[in-house]
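Welcome! Take a moment to look over the sequence and the 3D view, and then we will walk through a few features together.

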Amino acid sequence: MPENENIVLPPKYYLDYFNYLLDFVKDKYKHLLNEGEWRFLRKYYGLTEDAQCLFIRFTNRRGAFFKVQKLAYEELGEIEEILTELKMKDFAESLSQTHQDRLPELLQFCTKAELQKIAPKGTKKSLSKIELAELLREELEAEEIIESISGLHEIVKVNFEYETAFLRFLFFGNRYMDMTEFVVRDLGFVQYFQHDDDKLVARFDTRKDAEDKWMLTDQVELFESLKKSAEPEEIYDWFDTLADTITDLSEVAKPSLERLKLKVGRHLEREKSLELAVEVYKTCELPQAKERRVRCLTKLKSFDEALQLCEDMIANSSNADEHFFAKDFADRMLRNKKRKKKLTTEKLHEAEKITIPAIYRGQVELGTIEHYVAEGKYAIFSENHLWRGIFGLIFWDIIFDPSLVAFHHPFQRRPSDLHLPDFYDKRKEVIHEHLDSFLNTDELLIHMRNNYVKHEGISNPFVIWMEGIWEGILLATQFIGLEKLKDILVRISMDIAENSRGFPDLFVWDEEGYEFIEVKSPTDNLSNRQLFWLGYFEENGINARVLRVYFDD
């Protein structure tokens, strides 16, 4: 990684970043920009360089209001002159009565001391800023508040908020990334795999794709606001109206909607509105929704409906968590007078038991490693990062293949379809061809080592560049062998989100062989995903087991 303490960005680095973003969006999205966005671009290019810089400074900060006396940038000329240009060309405007609809934001923008200055006489100084703002809105007219704030400071508001936000959204494909990504990259804190810009493709094919995705992010923000104060019935009414309104949602926005449904259901469930939660979960296609629905139905004593849903999950689910949950839950409902142990509990009770010093409470895996070292064996942490590392190094070129239309901007750490159901389907042929190209384990190791050396430090959704990672990958690959490893890699690729987790905690070996160990302290439970991989390893001849670990008194 570059020595970032020696990197100095040019004075107007942010201008270069913003202009690059605009050029990129014009190239990739010229077919879907509307007249308002083209008008903004024409006016922006008509600004002087310093005016462009100050406008960008505004848009890179939170909020729309700024105190003029606080504006000071060494790389810019006279601020008052630049502000005059921005106002003349509609990029900024002075605070006025036209901003009454932004009063809550404006009150948040002011400090507590400033609010105290405009509060009615006799107002308690012990009031918090939030209480002060509420009191001002109750006691004073909006016109009076704005006039008083204007008397304290010269304040300007930046314009073209929507246009700049939407152009950034088109560039990043989301609303949580921002211009700091450029800075983080150029200071050397994160290295991204570099694609040529001409190989990057638009995230959104149509205006509707972009607007649907934008709309869903708005609805997520609205929900986060509603759940702070709205009653469960109000939230359900909002959700029900939203669901009725969305009749033809773009494919690119559907995953966001499903995640929102799960969030709404979980909130209603926590608020004890179980009937409403069940109705929301019915509409959700994510695997977790069915489990939550079963739990809600059981609490509502709708046992027949819960059992029927479990049977459907057992018969039709390819998700391990969902399958094992449904099997256990159905068995317990059918034997509720004589409860049957969960499959995960049975596995724990069958496990070998060891005792380690009490100083390892809270660090049970480390204590177990010391236990094996004392026996003359070698042991390292493995869990998910070892297997994900193997996957990432073997399939590096497939993961970052731009021809699969899954990379859309230069700051992507992973393909946009990585966690979608069709990730494997789109790459099935090339995945199997790639694995079949290796004649033996040594060839596979050479391929992985080459990728490790070539790409070390570059951000990859699977590879964590931690000390000792290569040595662990090397040993595990040598012990497991090519053919068994192929089956595991294909299984992971079929469902990245689910199948790249739940692996055993430790990798243990000596001259006689190896084991993967799932470590469980007396208070730990075995998850369904861990049970799945332990069973899969056992079926495929890979040494793995559970170890119960207790502590000395």
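In what order do the three strands of the open sheet lie? This is a predicted model, and in it the order is S1-S3-S2, with antiparallel pairing. Strands S1 and S2 are the edge strands, each pairing on one side only. From one strand to the next, the twist averages 30°.

Here are the strands with their residue ranges:

| Strand | Residues |
|---|---|
| S1 | 65–67 |
| S2 | 92–94 |
| S3 | 155–158 |

Let us look at one pairing in more detail. S1 and S3 run antiparallel and are joined by three bridges. Here Phe66 stands opposite Val156 of S3.

Next comes helix H9, which covers residues 161–172. Its twelve residues reach 17 Å from the first C-alpha to the last, close to the 16 Å expected at 1.5 Å a residue.

Why is H9 described as largely enclosed by the rest of the structure? Nine of its twelve residues are buried, so the helix is largely enclosed; buried here means under 20% relative accessible area. Among the buried residues are four phenylalanines you can pick out in the view: Phe166, Phe169, Phe171 and Phe172.

Note on methods: Residues numbered from 1 in each chain as written. Predicted model: local features only at pLDDT ≥ 70, side-chain atom pairs only at ≥ 80, totals over all residues. Heavy atoms only, no water. Helix = DSSP H or I, 4+ residues; strand = E, 2+ residues; numbered from the N terminus. Expected span 1.5 Å × (residues − 1). Buried < 20%, exposed > 50% of the residue type's maximum accessible area, 1.4 Å probe, protein only. Pairing = 2+ DSSP bridges. Axes fitted to C-alpha atoms, helices over the stretch in contact; angles between N-to-C directions.
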